[in-house]
Amino acid sequence: MEFLILIIALVVVLAVTGGFLLVRSRRGLPPGRTAERPVSAGPATRAAPPAADEGIAGTDLPGLVPGSAAAPEAAGEEPSPPPPSAGRLVRLRGRLARSQSAFGSVLLGLLSRDSLDDQTWEEIEDTLITADMGVTPARELVEELRTEVKVAGGRGAADVRSLLRAQLIKAIGPDQDRSLHTTRHGDRPAVLLVVGVNGTGKTTTCGKLARVLVGDGRTVLLGAADTFRAAAADQLETWGKRVGARVVRSDREGADPASVAFEAVKEGIELGVDAVIVDTAGRLHTKTGLMDELGKIRRVISRQAGVDEVLLVLDATTGQNGLRQARVFGEAVNVTGIVLTKLDGTAKGGIVIAVQRELGVPVKLVGLGEGPDDLAPFEPEAFVDAILGG
């Protein structure tokens, strides 16, 4: 009897021990290691994100301001280096072609007709005028094109395209100086003043222009002389963080814009930067007092450094209204170059020719989207090729 009890007790002990080992093996715990000492995470293991209410203490995400899109850089990371300006328009040509190709297709279709009578030439002229080229430039281009077609005699698709391409490039003016003057003058930085009406994208243009210059190896300082809109200075600081450019601003809303511009140039001289970009408040071209203020800003800046560029930012989608704006700004300040924004959002590429004739100054930069690198130096050949789909 005692022997039987001993056997039963032994069986129970073995059963308990075996069950315990089985459970351990299923949990993946090797002998000698307990659950209180977990296995270290391997390369594929990721820590769980913090709960929504935990927050992240001590982080400062660059480029985040109320109402703005999140900055692409993560906390603690250096901003990604911008690409150089060379070849930007060629890289963005597809975006431009999507909006302009219909205009080019119509022109090529009309010129490829079997018979180019007076009515067809009138349709060609109307197409150019509809594209905001302006009556006089459109008429001149048609007359020259008409003469070229008669002289050349060729009517194949390639011939027609080549003739039209040459005339459009000629109308745009391939020999105009479209370079941005951003080189230091001894101990003085180049100064660029950015002007325009409300809603054209001046502040964004300042930030994107800073990226263009930084991509070309220049050092930049931004001056927030739009003191009437608090969000403008915040937005400019966002761009400054993204490109690594210092921003000079006033802590007081409504401060004197000329004073802020003066301080920006002064600090640019002290820091030895290559270029100072001054953002100004948007103003209606019909407001004489505000237009006079631009002259004051320029005069105050000139006490310590010359103004190398006065860039007028125009919204390409406004058409003929943009030309009226350009005329008044050209009278108020000595505009040296035009920045056409939202050019990818309109099929009226003729505005490039019209605004250049109106002001007698070249289009130097074009905006082709909302991305940080969608501002490109204007290149007539690449622009016309985008229009004609080639």
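Two strands pair if DSSP finds at least two bridges between them, and strands here are DSSP runs of E of at least two residues, numbered from the N terminus, while helices are runs of H or I of at least four.

Residues are numbered from 1 along each chain as its sequence is written, and side-chain values use heavy atoms, with hydrogens and water left out.

Strand β2 (residues 220-225) runs parallel to β4, joined by six bridges; there V220 stands opposite A275. Strand β1 (residues 190-195) also pairs with β4 in the parallel sense, over five bridges, and L192 has I277 as its bridge partner.

Is β4 buried or exposed? Six of the six residues of β4 (residues 275-280) are buried, meaning under 20% relative accessible area with a 1.4 Å probe, protein chains only. In a regular strand the side chains alternate between the two faces of the sheet. In β4, A275, I277 and D279 point one way, and V276, V278 and T280 the other.

Now confidence. pLDDT is the predictor's confidence in each residue, from 0 to 100. The chain's mean is 77, and 75% of its residues reach 70 or more. Over residues 20-77 pLDDT stays under 50, and the model has 36 contacts there beyond four places in sequence, a contact being heavy atoms within 4.5 Å. Where pLDDT is low, the predicted coordinates should not be read in detail.

Notes. This is a predicted model: local features need pLDDT of at least 70, side-chain atom pairs count only at pLDDT 80 or more; totals for chains, interfaces and linings use all residues. Buried means under 20% relative accessible area, exposed over 50%, partly exposed in between (1.4 Å probe, protein chains only).
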